[in-house]
Amino acid sequence: CSACGATQPPAQGYEGRYYIASIRSSGNYFYMSSDLGTASTKRYQAVDSGLTTLPASIAEADVVANQVFVLELNGTNTYSIYAESVSGDNYLGWTSGNSGTFVAEADALSLSIDALDSGLYNIHFTGDAERYLSLNATATLTYAAWYKTGQTKDLALIPVSGEAPEHVHTPAYFAGQAATCTAEGVVDYWYCSDEAC
């Protein structure tokens with residue numbers, strides 16, 4: 001994504017684990033989370049990433065559990081999305097207005113994903129009208145919900161790399177000691193000086 005720094009999802013489709021992000025008027029991107037807010041106003045809460053350019057991917061070691069969403073192909077050119085950190089009913093659903101909810105897989109929203117020329121995406125479904133997964137445009141409100149119009153609906157999909165980075169060893173050298181009449185000798189050897197080893 002030349003506009004945001006994120007990469008295109010795989011050419012074969014959008015299946016996989018992603019962070020879902022959208023830019024605010026502050027210039028920072030906000031990551032959608034699986035927190036729903038209050039029971040009376042269910043919205044997917046959004047967290048300020050502090051970033052004005054998004055990473056191409058997010059390493060498994062850096063994952064925040066409630067910010068990972070899994071996109072699954074339905075087999076009908078539409079997708080279901082579930083929150084990885086939510087147990088039980090964890091698929092994105094809808095009740096009315098712009099409220100979000102989590103539902104069982106059988107009741108999951110059948111979502112269309114449109115790639116935009118900017119490298120961003122629209123995620124939407126048809127309810128009482130065409131509703132888009134969008135970040136609220138009001139600067140003081142930090143949540144994503146199902147809006148018809150007027151909100152920030154151009155979303156970035158940042159893939160989770162799926163692999164924790166390997167530990168990089170820092171080698172150190174131990175100079176051996178010759179044997180004496182009272183102590184055994186120690187041969188020269190290399191070892192890893194990092195505490196993580």
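The legends below describe close-up views of aromatic rings and their neighbours in a predicted model.

**View 1. The aromatic pair of Tyr14 and Tyr121.** A search of the whole structure finds seven aromatic pairs, and one of them joins Tyr14 and Tyr121 in an edge-to-face arrangement, with 5.7 Å from centre to centre and 80° between the planes. Because Tyr14 belongs to the segment before strand 1 (16-23) while Tyr121 belongs to strand 9 (residues 121-126), this pair ties together parts of the chain that are 107 residues apart in sequence. Tyr14 counts as buried at 15% relative accessibility, and Tyr121 is likewise buried, with a relative accessible area of 1%.

View 2. Tyr79 forms one aromatic cluster together with Tyr14 and Tyr121, the two residues whose edge-to-face pair is the subject of View 1.

**View 3. Charged side chains over aromatic rings.** The charged end of Arg24 sits over the ring of Phe30, at a distance of 5.2 Å from the centre of that ring. In a further contact of this kind, Lys153 lies over the face of Tyr132, where the distance to the ring centre is 4.0 Å.

How values were computed: Residues numbered from 1 in each chain as written. Predicted model: local features only at pLDDT ≥ 70, side-chain atom pairs only at ≥ 80, totals over all residues. Heavy atoms only, no water. Phe/Tyr/Trp six-rings, centres within 6.5 Å; stacked < 30°, edge-to-face > 60°. Helix = DSSP H or I, 4+ residues; strand = E, 2+ residues; numbered from the N terminus. Buried < 20%, exposed > 50% of the residue type's maximum accessible area, 1.4 Å probe, protein only. Lys NZ or Arg CZ within 6 Å of the ring centre and 35° of its normal.
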